[in-house]
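Let's take a look at a protein model together, starting with its sheet and ending with its pockets. Have the picture open as you read.

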Amino acid sequence: MVCYLGRTVSQLATIGNSTNIMWHGCPVDKVERQKLLKQKGCVIWITGLSGSGKSSVACALSQSLHCRGKLSYILDGDNVRHGLNRDLSFKAEDRAENIRRVGEVAKLFADAGLICIASLISPYRRDRDACRALLPEGSFIEVFMDVPLQVCEARDPKGLYKLARAGKIEGFTGIHDPYEPPLNCEIVLEHSEEVCASPRDMAEKVIHYLEENGYLQA
Ligand SMILES: Nc1ncnc2c1ncn2[C@@H]1O[C@H](COP(=O)(O)OS(=O)(=O)O)[C@@H](OP(=O)(O)O)[C@H]1O
Ligand SMILES: Nc1ncnc2c1ncn2[C@@H]1O[C@H](COP(=O)(O)OP(=O)(O)O)[C@@H](O)[C@H]1O
């Protein structure tokens, strides 16, 4: 029987198209990294329509965590599509692959002990739930930007809704393509005529959740 690093070759695995692979552990693990950072790794997944405020809340949250001496990192859909996911379109299957890849990266960041803030439209429940399943129970914190389409379209900072309405963009979320709101997410950030909260106020609601659930301590 062949051994490698004290492991028998029979522990080789096939994952997808990757054959004969073996997971390597290390004495410095997630627990040690969390002690170093004095926080618990997790994924804060911000989902909502284009223009709902995902990036604004993500930035405000990262700033607030930084002021508390906590290390976070933002995976923003727009930004990730400039590099890692530059090969993906907005067809449903490509959006699914976008979310799958970001979910796997977010899982690695959480394992590194980081507070990973993922802000993507991520319109399909099935894709978001698949990301949730990658993480230990409680480590995937889904945040829904509950902002009506009318408000998002009135904001339209990039003019994309206008282009979509003019037929110059096809398959735009909320206009041509669907958005499936979460059915039981951890946090809902509402913005309506009655409830007007700033990105900072919204971020503080997420901070409160993290404090209450012990993520801001090792
Ligand atoms: N067809 C279509 N539908 C929706 N959004 C579009 C589209 N084409 C380009 N954009 C711009 O891409 C940003 C969304 O990228 P995401 O990776 O978050 O989308 S998804 O999760 O894969 O659905 C999104 O950025 P945000 O406005 O910050 O959400 C848009 O500016
Ligand atoms: N809570 C808020 N109240 C008012 N305007 C907001 C709020 N959050 C974001 N905005 C504005 O809405 C627009 C879209 O915000 P953004 O964070 O880019 O949304 P998304 O990332 O979901 O596309 C921007 O012009 C931003 O300044």
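This is a predicted model: local features need pLDDT of at least 70, side-chain atom pairs count only at pLDDT 80 or more; totals for chains, interfaces and linings use all residues.

Residues are numbered from 1 along each chain as its sequence is written, chains are lettered from A and ligands numbered from 1 in the order in which they are written, and side-chain values use heavy atoms, with hydrogens and water left out.

Five strands make an open sheet in the order β6-β7-β5-β8-β9, paired in parallel. Strands (E, at least two residues) and helices (H or I, at least four) are DSSP runs numbered from the N terminus, and two strands pair if DSSP finds at least two bridges between them. β6 (72-76) and β9 (187-190) each have a single partner strand, so one side of each lacks a neighbour in the sheet. Between β6 and β7 (residues 115-119) there are five bridges, and Leu75 sits opposite Ala118 in β7.

Helix α8 (residues 199-212) packs on this sheet, touching β5, β8 and β9; contact means heavy atoms within 4.5 Å.

A pocket is an open set of points on a 1 Å grid over the protein atoms alone, where a 1.4 Å probe fits, with protein on both sides within 12 Å along at least five of seven lines; lining residues have an atom within 4 Å of a point.

| Pocket | Lining residues | Among those nearest the centre |
|---|---|---|
| Largest pocket | 32 residues | Ser50, Lys54, Asp78 |
| Second largest pocket | 17 residues | Ile15, Trp23, Glu104 |

In the second largest pocket, α4 gives the largest share of the lining, five residues.

Terms used
Axes are lines fitted to C-alpha atoms, for helices over the stretch in contact, and angles run from 0 to 180 degrees between N-to-C directions.
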